[in-house]
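Here are my notes on this model. Please read them with the structure open.

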Amino acid sequence: MAERARIVRPDHRARILESATAAFLENGYEFTSTAEIARRARVSKRELYTYFHDKRDILDAVITKLQAGIQSQANASWSSSGDVREVLTNAGARILRFITSDRFGKLFRIVAAESFHDPISSRKFYVLGPAMGRKNTAVFLKRHMDAGDLRATDPLQAADDFLDILVSSRYLTAVVLRQLRRFPKPRVHVEHAVDLFLSYYGAIEPKRKARKSNR
């Protein structure tokens with residue numbers, strides 16, 4: 001009987017993760033107990049510990065799941081066959097939409113607050129988020145450098161420059177402090193970032209659509 005009780009049920013694990021995510025985002029990591037997570041997931045604490053060692057292990061899994069979500073969306077953009085400006089704009093809009101979401105802002109604040117006590121989770125947050133995004137961006141840029149669409153240079157440096165323009169420290173601070181109303185609309189911000197990037201890395205001067213004359 002004891003063996004049967006420890007049979008892994010994927011739907012139960014998913015339910016625990018969903019419940020933990022909701023609880024962490026609502027109450028913060030510190031004020032969320034494993035008992036609360038188990039209650040929300042409709043499982044016993046004993047079953048919860050079948051899937052996770054402790055609360056930090058659950059947070060680690062929540063981070064993995066949420067970061068995988070943004071990376072899958074970003075990868076769909078980076079694999080697009082559109083021109084450089086179009087892909088950069090669409091990918092930038094998706095990245096910004098995720099970063100400005102309420103869910104990301106809350107998770108970011110949780111990880112930042114727990115980073116001193118739990119450097120492993122903060123490391124995972126970075127590796128699966130910014131570091132993975134940097135790598136995928138560089139792969140896309142390298143492909144277009146090889147095709148002659150962008151100036152040939154270090155693709156990782158180019159990726160850093162694009163992402164730094166798109167998600168500047170000032171912008172990320174505004175996300176954490178919920179002060180985004182002081183910034184331009186996301187689409188305007190993304191198009192400005194792409195313009196700046198292509199003005200330096202573009203193989204040719206970036207073209208803008210000509211405005212119709214009223215004359």
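1. Rings of Phe, Tyr and Trp (its six-membered ring) count as a pair if their centres lie within 6.5 Å; planes under 30 degrees apart are stacked, over 60 edge-to-face, and the rest tilted. On that basis, ring pairs join Phe 98, Phe 104, Phe 108 and Phe 125 into a cluster.

2. A word on the basis. This is a predicted model: local features need pLDDT of at least 70, side-chain atom pairs count only at pLDDT 80 or more, and totals for chains, interfaces and linings use all residues. Residues are numbered from 1 along each chain as its sequence is written, and side-chain values use heavy atoms, with hydrogens and water left out.

3. The whole structure holds nine aromatic pairs. The centres of the Phe 104 and Phe 108 rings are 5.8 Å apart and their planes meet at 35°, so this pair is tilted. Both residues belong to helix 7 (residues 102–114), four residues apart, about one turn of the helix. Helices (H or I, at least four residues) are DSSP runs, numbered from the N terminus.

4. Buried or partly exposed: which is Phe 104? Phe 104 is buried, at 8% relative accessibility. Phe 108 is partly exposed, at 21%. Buried means under 20% relative accessible area, exposed over 50%, partly exposed in between (1.4 Å probe, protein chains only).

5. Helix 8 bends by about 35° at Met 132. That bend is the angle between axes fitted to the seven residues ending there and the seven starting there. The buried residues of helix 8 include Phe 125. Gly 148 follows helix 8, with a positive phi near 85°.

Note on methods: Helix = DSSP H or I, 4+ residues; strand = E, 2+ residues; numbered from the N terminus.
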